[in-house]
Amino acid sequence: MGKKVWIVNYYCPPPEYNSNTRHLGFTHYLQASGYDVTLFTSGFLNRGEGIDLVPADKEYAEVLYGEYKYVHIKTNRYKGNGLARMKS
């Protein structure tokens, strides 16, 4: 592949959980143009009881979802809009 592009978006979950496909669209078309694209996102989905995408003993997880390369980074859990969310 050609040049590398990193897209950093805390709130870009894996495709099966993603309702806003803007960043996946960017990724798709950049890859079609020859770029090597990686999405860097939070490793925790704050949905209901929450879903951890990073194993407990790791700081990050590299995952391939179809054509999309993700790096999920371990982040802190939080509730509400307080300091814990800003730290996360």
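In the structure, which is a predicted model, residue T41 has H72 of strand β6 as its bridge partner. T41 itself belongs to strand β2, which covers residues 36-42, while β6 covers residues 68-73, and these two strands run parallel and are joined by five bridges. Strands of a sheet pair through backbone hydrogen bonds, in either a parallel or an antiparallel manner. With a relative accessibility of 5%, T41 counts as buried, because this value falls under the 20% cut-off. Leaving aside residues up to four places away in sequence, T41 is in contact with N9, Y10 and C12, and also with Y70, V71, H72 and I73.

The pairing of β2 with β6 is part of an open sheet of four strands, arranged in the order β1-β2-β6-β5 and with mixed pairing. The edges of this sheet are taken by β1 (4-8) and β5 (60-65), and since each has a single partner strand, one side of each is left without a neighbour in the sheet. On average, neighbouring strands of the sheet are turned by 25° against each other when direction is ignored. Helix α1, made up of residues 22-32, lies across β1, β2 and β6, and runs at about 160° to β2.

Two salt bridges are found in the structure. Side chains of opposite charge can pair when their charged atoms come close. In one of the salt bridges, the side chain of D36 meets that of K4, with a distance of 3.3 Å from N to O; this pair links distant parts of the chain, as D36 lies in strand β2 and K4 in strand β1, 32 residues apart. D36 also forms a salt bridge with K69, where the closest N and O atoms are 2.4 Å apart, and this pair likewise links distant parts of the chain, with K69 in strand β6 and D36 in strand β2, 33 residues apart.

As regards confidence, the protein averages a pLDDT of 86, and 90% of the residues score at least 70. Among the elements of the protein, β5 has the highest mean pLDDT, at 96, whereas helix α2 (residues 83-87) has the lowest, at 69. Where pLDDT is low, the predicted coordinates should not be read in detail.

Terms used: Residues numbered from 1 in each chain as written. Predicted model: local features only at pLDDT ≥ 70, side-chain atom pairs only at ≥ 80, totals over all residues. Heavy atoms only, no water. Buried < 20%, exposed > 50% of the residue type's maximum accessible area, 1.4 Å probe, protein only. Contact = heavy atoms within 4.5 Å. Pairing = 2+ DSSP bridges. Axes fitted to C-alpha atoms, helices over the stretch in contact; angles between N-to-C directions. pLDDT = per-residue confidence, 0-100. Salt bridge = Lys/Arg side-chain N within 4 Å of Asp/Glu carboxyl O.
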